[in-house]
Amino acid sequence: MTRTSSLPPPGDIVVRLRDVSKTYLLGAVAVPGLHELSLEIGRATFSVIVGPSGSGKTTLLNLIGGIDRPSAGTVEVAGQDLGGLGDDRRSDFRARNIGFIFQSFNLIPVLSAYENVEYPLLLTRVAAAERRRRVMALLDAVGIGDQSRRRPNQMSGGQRQRVAIARALVKDPVLVLADEPTANLDSRTGAQIIALMHAMQTRCRTSFVVSSHDPQVMEQADETFTIRDGALIDRHCRATS
Amino acid sequence: MTTLVIAWRNIFRNRRRSALTLLAIVVGAVAVLLFGGFVTSILFGLQTNTVRAIGHLQVFRQGYFEFGAGKPGAYGIKDYARVLRLIRDDAALQPLIRVLTPTLQVFGIAGNFAENTSRTFYGRALIPSDRLRMWAWDGLGIGNTSLRQLAMSDDDRDGGVIGVGLARILHECAALKVLNCTDGPSEADVSPDLPAEDFSSLIEIDPPASSGAAVDRRPKIDLLAATVAGAPNVVTLQLNGVERQGAKELDDNYVLMHLDLGQRLLYGRGEHQVTGLVIQLHHSSDVAGARRELRRLFAAQGLDLDVRDYTELNPFYLQVIAMFGAIFGFLAVIMGVIVLFTVVNTMSMSVMERTAEIGTIRALGLRRSGVRRLFLAEGLVLGVLSASLGLLVGLGLSFLVNRAGLTWTPPTSVDPVPLRVMVAGNPLLLAGCWFGLVALSALSSLLPANKAARLEVVDALRHG
């Protein structure tokens with residue numbers, strides 16, 4: 001059953017999935033990940049995907065992020081059908097349009113906080129002066145401007161996730177995907193990170209799609225998608241006042 | 001921040017593993033450098049000794065090189081003084097030539113009739129001062145440590161030296177006061193049934209010296225050979241000393257005499273000729289050019305002469321080069337394989353440990369080629385670091401070895417020579433070793449780099 005309230009207008013759709021299925025092969029056994037799932041996510045929204053473990057949340061994020069391919073159906077991000085792109089062009093598309101925030105932060109250990117945030121801009125060949133301006137602005141915005149020279153192993157979990165948020169936003173993407181971003185943090189730090197993500201989403205006018213079990217995350221959601229056994233069973237939009 | 005900077009930092013991420021890899025490559029570099037330096041020293045020494053002894057080029061009559069050993073006199077160069085003049089006056093050859101000197105090869109029987117002993121000999125006749133100048137050649141800069149003293153002079157036309165083995169056989173050791181040399185038993189003791197005389201009857205016994213003439217009291221032997229006309233001829237060689245030869249076969253036959261004496265033996269009262277003209281150049285690199293110019297000159301003058309270089313005259317030279325080349329190649333391949341497996345292992349471990357990181361940078365938008373480039377850069381940086389370190393260590397060790405005062409006796413040589421490892425001042429070896437190791441290291445990382453590049457993003461991220 002899908003509950004819908006205030007669907008986004010067609011021009012404001014950032015993510016559109018049509019009848020997307022994903023099946024994994026474990027040896028000779030086909031394991032369904034997603035089954036004919038369709039959904040749309042509006043521009044500049046904070047969307048949360050909820051569901052029990054193994055329901056397909058991460059698979060759904062991977063497909064939206066273009067780091068995995070569906071077995072059937074189409075995935076469109078910012079009007080681009082990802083299925084029509086080759087590997088290099090999908091990499092380029094991700095480099096320009098999609099930011100990632102991982103559960104384990106996934107910062108590059110040999111790079112400082114500054115360099116980690118700068119890295120996506122190097123991939124898109126942004127000029128050095130512009131890189132510096134954007135990196136410092138974002139590090140300040142996420143509250144770790146004074147930690148820019150530190151390596152990830154010299155930072156706390158919360159600080160690392162702040163760096164990851166800055167890294168995801170530095171290229172000014174149309175979409176940020178966050179897979180269980182608070183799972184490795186204590187509840188207090190997790191709450192701070194969620195608040196930061198939401199604040200940054202509002203400030204940057206970027207769409208966030210977050211998978212989480214965390215009720216604190218769900219409280220912030222503009223839209224909540226509930227999936228179970230690879231199927232979308234509920235969509236809830238927060239009523240705008 | 002470039003790929004190389006990231007690669008540099010990743011190398012120091014697992015310090016112990018990188019240090020071991022570095023050490024393996026450094027050891028490989030040092031082994032190749034020291035052995036290469038030693039081989040270079042041997043080859044330089046061999047070339048220097050060869051060029052000092054027989055020159056860079058020799059001019060013969062056509063056919064002498066193939067058939068002259070059987071009858072050298074028959075292949076004499078007539079009017080060789082004119083040929084010498086032609087070569088000396090040639091504008092293209094003049095600046096290249098250091099020594100130009102005639103030589104004569106003689107085969108025959110050497111005898112000490114007073115001791116009733118004889119044997120066949122191989123003789124070289126030359127101009128002593130030219131030979132001394134040739135021994136001073138040091139075109140490869142190895143020094144004059146083995147510079148010989150020659151117990152002959154241009155004025156002493158009857159004097160010469162013989163091999164220690166021949167001195168022993170001809171019972172001249174005691175007379176010449178040769179160390180570690182004992183006169184052999186007489187033929188009468190060894191084979192009492194043999195007739196006592198050989199060619200001593202051909203020798204005109206010198207009359208007693210008149211009161212006014214100085215008596216030459218040097219030990220002497222008699223040399224018998226067939227003249228060009230086929231008649232037996234004998235001359236007396238006054239012995240000034242011995243010259244030990246590296247090979248026993250040569251040492252038992254060797255006679256070195258003045259050119260004039262050799263010509264008297266081989267040509268008697270006929271026109272004195274030579275069997276060869278020895279040319280020593282300032283630089284070995286000029287051999288091909290000088291040879292070309294000589295051929296042009298001979299063709300223009302209608303001279304029936306052939307030119308051979310020292311590698312043809314001394315096949316042993318190329319054989320030694322080939323042998324050491326094979327040994328060096330074998331060692332280099334072994335070291336290369338060790339380096340290859342070490343780098344492959346290190347980089348594979350690195351890929352395995354950094355799988356999640358590879359997934360992350362791929363998710364951020366790095367192409368597969370970027371991942372491949374990153375790991376290739378790590379192999380390259382590892383190669384540059386270790387090859388540079390290996391060169392420094394190799395240079396340091398070679399410096400120590402060269403100053404340790406060690407000596408060794410090369411094959412066919414008589415005297416021990418300093419053990420030298422020519423690494424410094426050997427740009428080909430240094431550059432070859434450095435570039436070889438860097439290329440090998442980068443090449444070795446290709447396999448792990450491809451493996452990293454082929455990883456699927458979602459699979460790689462699951463390793464986190």
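Which residues form a nonpolar patch on the surface, with about 540 Å² of accessible area together? Select Leu389(B), Leu392(B), Val393(B), Leu397(B), Phe399(B) and Leu400(B), which form that patch; accessible areas come from the Shrake-Rupley method with a 1.4 Å probe, and for residues only the protein chains shown count as cover. Patches are made of residues with over 30% relative accessible area and no salt bridge, nonpolar side chains being joined within 5 Å and like charges within 9 Å.

This is a predicted model, in which local features need pLDDT of at least 70 and side-chain atom pairs pLDDT 80 or more, whereas totals for chains, interfaces and linings use all residues. Residues are numbered from 1 along each chain as its sequence is written, chains are lettered from A and ligands numbered from 1 in the order in which they are written, and side-chain values use heavy atoms, without hydrogens and water.

Next, show the interface, where 26 residues of chain A are in contact with 20 residues of chain B (heavy atoms within 4.5 Å). Ile67(A), Val110(A) and Tyr119(A) supply 23% of the area that chain A buries against chain B, more than any other three residues; buried area is the accessible area (1.4 Å probe) that two parts lose on being put together, summed over both.

Finally, select Arg367(B) and Asp92(A), which form a salt bridge with the closest N and O atoms 2.4 Å apart (a side-chain nitrogen of Lys or Arg within 4 Å of a carboxyl oxygen of Asp or Glu). Helix 2 of chain A gives the largest share of the side of chain A that touches chain B, 6 residues.

Conventions. Helix = DSSP H or I, 4+ residues; strand = E, 2+ residues; numbered from the N terminus.
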